[in-house]
Amino acid sequence: VNNDPCVQRLTFIVNEYEKLQKSKSSPYTFVSSLKNYSLAQLLNDWIHVKSVYVDNKYANPQFNASALFDYFQIALKETEESQHIYTRNLKDRSILGEHGTRKVVYNGFSDSPNVVTIQLL
C-alpha cells in the first residue's frame, strides 16, 4: 500500500487539507496548483484506491481488507475536521438542505469546484 503512488499522493493531499481548513483557503485552488496534478487526477487516484484496496477489483489472492485503513491510520494526521468529514460523506439532504449549513460543513464554500474537491478529500 505505501509504495502505491496514488496512495502517496492522496496521503500528501489529505494531510495538507488540515492547513487549508484552518486558513479557509480554496481546496480547489490548492489541488489545481499542484504541479502535474488536477481535480481529475484526484478523482482517478480515489477510484484506483477504492477499486484496488477496497473492492479488490483484480481478485488479488493476498488481498487484505484492512491494509488501506491500517496504513491511513498511521500516515494521516489527526484533524479537528472529522465531524464535518462524516457529515459531508453522509450526503443526507435533510442535514445539508440549508445553504448556511452546507457552507459550514464545506468550510465556507458553496461553489461547485470547491465543494466537489472537498467531497473528494
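**Before you start**

The model is predicted, so local features need pLDDT of at least 70 and side-chain atom pairs count only at pLDDT 80 or more, while totals for chains, interfaces and linings use all residues. Residues are numbered from 1 along each chain as its sequence is written, and side-chain values use heavy atoms, with hydrogens and water left out.

**Stop 1: the whole protein**

Show the cartoon. You will find 8 helices and 0 strands; helices (H or I, at least four residues) and strands (E, at least two) are DSSP runs, numbered from the N terminus. Along the sequence the pattern reads α-α-α-α-α-α-α-α. Of the 121 residues, 35% are buried (under 20% relative accessible area, with exposed being over 50% and partly exposed in between, using a 1.4 Å probe and protein chains only). Now think about contacts, meaning heavy atoms within 4.5 Å. Among contacts between residues at least 6 apart in sequence, 59% join residues at least 24 apart.

**Stop 2: α3 beside α8**

Select residues 39-54 for helix α3 and residues 112-120 for helix α8. Their axes come within 10 Å and cross at roughly 25°; axes are lines fitted to C-alpha atoms, for helices over the stretch in contact, and angles run from 0 to 180 degrees between N-to-C directions. The two helices are therefore roughly parallel to each other (angles under 35 degrees count as roughly parallel, over 145 as roughly antiparallel, 65 to 115 as roughly perpendicular and the rest as oblique). The crossing is left-handed, which is the name used if the near helix is turned anticlockwise from the far one by less than a right angle, with right-handed used if clockwise.

Show side chains here: Leu 39, Leu 42, Leu 43 and Trp 46 in α3 meet Val 116, Thr 117 and Leu 120 in α8. The residues of this contact are 6 nonpolar, 1 polar and no charged. In this scheme Ala, Val, Leu, Ile, Met, Phe, Trp, Tyr, Cys and Pro count as nonpolar, Asp, Glu, Lys and Arg as charged, and the others, Gly among them, as polar.

**Stop 3: α3 beside α1**

The contact of α1 with α3 divides into 9 nonpolar, 2 polar and 2 charged residues.

**Stop 4: the core**

Which residues have the most contacts inside the largest nonpolar core? Select Ile 13, Tyr 37, Leu 42 and Val 49 to see them; the core has 23 residues. Such a core is a set of buried Ala, Val, Leu, Ile, Met, Phe, Trp, Tyr and Cys residues joined through side-chain atoms within 4.5 Å. Helix α1 gives the most to this core, with 7 residues. Zoom in on Ile 13: not counting residues up to four places away in sequence, Ile 13 touches Phe 30, Leu 34, Tyr 37, Leu 42 and Leu 121.

**Stop 5**

Is Val 49 buried or exposed? Val 49 is buried, with a relative accessible area of 1%. Leaving aside neighbours within four places in sequence, Val 49 is in contact with Cys 6, Val 7, Leu 10, Val 54 and Leu 68.

Finish at Ser 51, also in helix α3. Ser 51 is buried, with a relative accessible area of 12%. With neighbours within four places set aside, Ser 51 is in contact with Asn 56 and Lys 57.
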